Amino acid sequence: MRSASGERGGPEPGTRSPKDTFITVYGRKPVLEALHDAQLRVDKVILADGLRGEPVRAITAAARDRDVPVQWASAHRVKVLAGNGRHDQGVLADVVAPRMAPVGEFVAALAPGAPASVLVLDRLTNPANVGMILRSSTAAGLDGVLLPRRGVPAIDPLVVKASAGVAFRAPVLRAGTVEEGCAELAAAGFTLYGLDAGGESLLDAELPGRVALVLGNETDGLSESVRSLVDGLLAIPMHGGVESLGVASAGAVAAFELARRAR
């Protein structure tokens with residue numbers, strides 16, 4: 001957790017990392033919007049020392065109205081915590097993501113033999129695609145979207161905007177890397193498939209109860225390291241001369257097809 005100075009220490013043994021609990025939003029407008037959203041629980045606001053002006057007064061007033069702690073830190077520390085030195089504007093907030101969990105917690109909570117469907121994001125680079133996939137997967141009712149902490153855009157204001165705010169309540173599963181997350185899912189009985197044009201039709205394939213479907217990079221598709229981990233390949237059949245869908249559209253189709261089968 002962060003100290004009053006804004007420092008973020010490593011998690012104690014057996015506890016979660018803050019990155020598996022909070023979504024950090026930065027910038028004056030996104031932070032104020034989060035504070036004004038009664039459906040969101042804001043854990044704390046951190047401001048850069050010396051900030052003044054009406055936007056800052058509005059943020060501190062909104063935080064006070066909701067009993068959200070406000071901490072002050074150096075401008076450099078705020079940039080480090082926000083992870084974006086160009087757009088933080090000296091303001092950030094930690095918003096609780098109630099459905100975010102490490103993969104290990106997710107699989108431990110599944111009843112023995114219970115079916116589950118998960119999408120896995122393998123080295124996507126566009127925050128808009130990540131946000132739209134989180135929105136589609138949440139709307140479809142999927143059990144989880146594996147969003148590794150490394151190799152995929154963090155859940156930042158760009159992702160939140162693309163998800164139309166759904167990212168805060170999306171069923172996000174965290175792991176250090178996509179390979180680590182896939183290994184944990186496989187150990188819990190998930191069959192791993194990669195979405196690839198050369199695979200069997202997703203609409204016709206017989207699928208087991210626990211399925212994890214990997215979406216690859218926008219340009220290169222599945223990474224070689226993940227391709228070596230999957231048990232098979234599935235494809236969305238294309239018609240009318242269309243060669244492929246963008247990854248966000250493909251993710252939406254896959255999410256609703258997996259959800260349809262689960263129901």
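Predicted model: local features only at pLDDT ≥ 70, side-chain atom pairs only at ≥ 80, totals over all residues.

Colleague: Why is threonine 138 called buried?

Modeller: Its relative accessible area is 18%. Buried means under 20%, so threonine 138 gets that label.

Colleague: What does threonine 138 touch?

Modeller: Leaving out residues up to four places away in sequence, threonine 138 touches Arg99, Val166, Arg169, Ala170 and Pro171.

Colleague: What makes leucine 134 and threonine 138 a polar contact?

Modeller: A polar atom of the threonine 138 side chain lies 2.7 Å from the backbone oxygen of leucine 134. The cut-off is within 3.5 Å, and 2.7 Å meets that distance.

Colleague: How many aromatic pairs are there?

Modeller: The count is one aromatic pair. The ring centres of phenylalanine 106 and phenylalanine 190 are 6.3 Å apart, and the limit is within 6.5 Å.

Colleague: Why is the pair called tilted?

Modeller: The planes are at 40°. Stacked needs under 30 degrees and edge-to-face over 60, so this pair is tilted.

Colleague: Where do the two phenylalanines sit?

Modeller: Phenylalanine 106 is in helix α4 (residues 103-109), while phenylalanine 190 is in the loop between α7 (178-187) and β9 (191-201).

Conventions: Residues numbered from 1 in each chain as written. Heavy atoms only, no water. Phe/Tyr/Trp six-rings, centres within 6.5 Å; stacked < 30°, edge-to-face > 60°. Helix = DSSP H or I, 4+ residues; strand = E, 2+ residues; numbered from the N terminus. Buried < 20%, exposed > 50% of the residue type's maximum accessible area, 1.4 Å probe, protein only. Polar contact = N/O pair within 3.5 Å; in protein donor to acceptor, adjacent residues only side chain to side chain. Contact = heavy atoms within 4.5 Å.
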